[in-house]
Amino acid sequence: MTERIPPGRRRFLAFASGTALLGAVPSIAKSGSPPGRAPGEFKPDLEIELRAVQDQVAILPGAETRVWRYRAKVLQGDAGAVTTFPRSYLGPAIRVYRGTRVRIHFINELPQPSVVHWHGLIVPEAMDGHPRFSVQPGGRILYEFEVRNRAGTYWFHPHSHGHTGEQVYGGLAGLFIVLDEEERALGLPDGEHDVTLVIQDRSFTADNQLRYIDDTGMSGMMARMMGFHGEQVLVNGQMDFKLTVERKSYRLRLLNGSNSRICKLTWQNGAPLTVIGSDGGLLEAPVQKPYVMLAPAERVELWVDFSGWAPGEERLLQSLPVAAAGGGRLMGGMMNMMGGAPSKSDSVIPVLTVRSGSGAAEQQQLPQRLATFAPLQLDRAANRSRPRTFHVTMDRMRWGLNGRVFEMNDVAPDEVVRLGSTEVWEFVNDASMGMMGGMPHPMHIHTAQFRVIKRSVRPGAESAWRDVNEGLVDEGWKDTVLVMPGETVRLLMRFSGYAGLFLYHCHNLEHEDMGMMRNFLIKA
Ligand code: C2O
Ligand code: CU
Ligand code: CU
């Protein structure tokens, strides 16, 4: 058999070889830099230089893999606020208290335009990483904001339109962890007992390079329509990730940093999971789930008591197949026929192995009350009986929202809200790819943390929903919500942050890049 050029190679070489894309850089950023402030007006507590660079890391045995990554340096303030992930492209992790004023000098050393979005954080319009603020290779952006969010696991990633999937896949993603006093008072496991685990899927060529979508031909179009699924799961940028724990209690912060893979996480032995937090921080009280759904960009925090484990005991955390994701078997078959990568959404995927140490076991109580939320005040929502509805739509193999796709500065009349208002939004996933049916979409709204107040399923679509229902974590604050095919999800949120133009979109990054994203305007 002759050696076949792995699908996607051509595209990857363009992305990895550095200069190949330079000639094709669109000129979207001419006037895109956020308006600067008068010097001296903003007094940062923490000042960081953040570069997006090209690099190489050892991921597989043998040749190093070319990646894109962030590199950070603390210029002023607590040097311990920024940590790196050892032997990985991932990161850094920025860890600050609520109320910290952060200044970040972003420098784009990629061969493409880029911009940084602080996913889940509530920051002013010009700091939010809208694609219109992208800078060209060599360009810089100054970010300045005060951290207003409650304690929680937030993250950051590129958001340059049409390039987000490629850049995140190349390795650009970091954590932004917010701490606060309310949370600290609980005495949850911290230090080395507070572990961040970022799940990402990747495919590799025979020479250890990242393989992304090959845009030539039909299989590329299909892969974009479905979203890219890698063949392996990496945790914190490493293969076969093993977490060695003491026989104590741990706080595990999980982020799904994949482009489009939806995880259904479960212990191999079927033990239930204790969930204590989600996108926007701790839940009011711990909840037990038989498995946990984690769609792209979602976070979940688990509390795990390893004190009952035998010394040296090992357990596998795995991701179960999600029946409705990846377009089902028909789609998988078609992809195979056309020489594309199978989506692998049909098989069980090992995520990581936990191994307990041999030290003394120590039991710790998990507080039964974790946080106090203001009660949901549905009657405050002006549109309570007439939710703002966004239908998932599909037009000639392109996903959209209410029949529209992203346009840089475009806002429709039904995409304007008032600063300070409380609203009910509804995502209706009733679009289908013809014979191939519908798909789940993880919908994300910028500059808001919302509550999920209702889910309903169209008759006939119950089975896809039943497959994931018990693992949805709707108890707390969210910024990204999984909407299954045939499902309508109703959200309650208050636009209490800043006025301006912000985004809402599908966080399946291939969908986002093809335009399943829109602006909404918060009017002062
Ligand atoms: Cu993490 Cu606009 O997204
Ligand atoms: Cu976001
Ligand atoms: Cu989508």
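**A histidine and its surroundings**

Author: A polar atom of the His444 side chain lies 2.7 Å from the backbone oxygen of Asp479. A polar contact here is a pair of N or O atoms within 3.5 Å; within protein, one must be able to donate a hydrogen and the other to accept it, and residues adjacent in sequence count only if both atoms are side-chain atoms. Bear in mind that this is a predicted model: local features need pLDDT of at least 70, side-chain atom pairs count only at pLDDT 80 or more, and totals for chains, interfaces and linings use all residues. Residues are numbered from 1 along each chain as written, chains are lettered from A and ligands numbered from 1 in written order, and side-chain values use heavy atoms, with hydrogens and water left out.

Reader: Is His444 buried or exposed?

Author: His444 is at 1% relative accessibility, so it counts as buried. Buried means under 20% relative accessible area, exposed over 50%, partly exposed in between (1.4 Å probe, protein chains only).

Reader: And what does His444 touch?

Author: Leaving aside residues up to four places away in sequence, the contacts of His444 include His117, His119, Tyr504 and His505. Contact means heavy atoms within 4.5 Å.

Reader: OK, metals. Which protein donors does the copper ion (ligand 2) have?

Author: His117 (NE2) and His444 (NE2), lying 1.9 Å from the ion. His117 is in strand 6 (residues 116–119) and His444 in strand 25, so the pair ties together parts 327 residues apart in sequence. Helices (H or I, at least four residues) and strands (E, at least two) are DSSP runs, numbered from the N terminus. Donors are N, O and S atoms within 2.8 Å of the metal (3.2 Å for Na, K and Ca); water is not among the atoms, so sites may look incomplete.

Reader: What coordinates the copper ion (ligand 3)?

Author: His441 (ND1), Cys506 (SG) and His511 (ND1), at 2.0 to 2.2 Å. Along the chain, these donors are spaced H-x64-C-x4-H. His441 sits in strand 25 and His511 in helix 7 (residues 509–513), 70 residues apart. Both of these histidines, His441 and His511, are buried.

Reader: Switching topic: what's the strand order in the open sheet of four strands?

Author: The order is 2-1-5-7, with mixed pairing. Strand 2 (65–76) and strand 7 (140–146) are at the edges with a single partner strand each, so one side of each has no neighbour in the sheet. Two strands pair if DSSP finds at least two bridges between them.

Reader: How many bridges join strand 1 to strand 2?

Author: Eleven, and the two strands run antiparallel. Glu47, for one, has Gln76 in strand 2 as its bridge partner.
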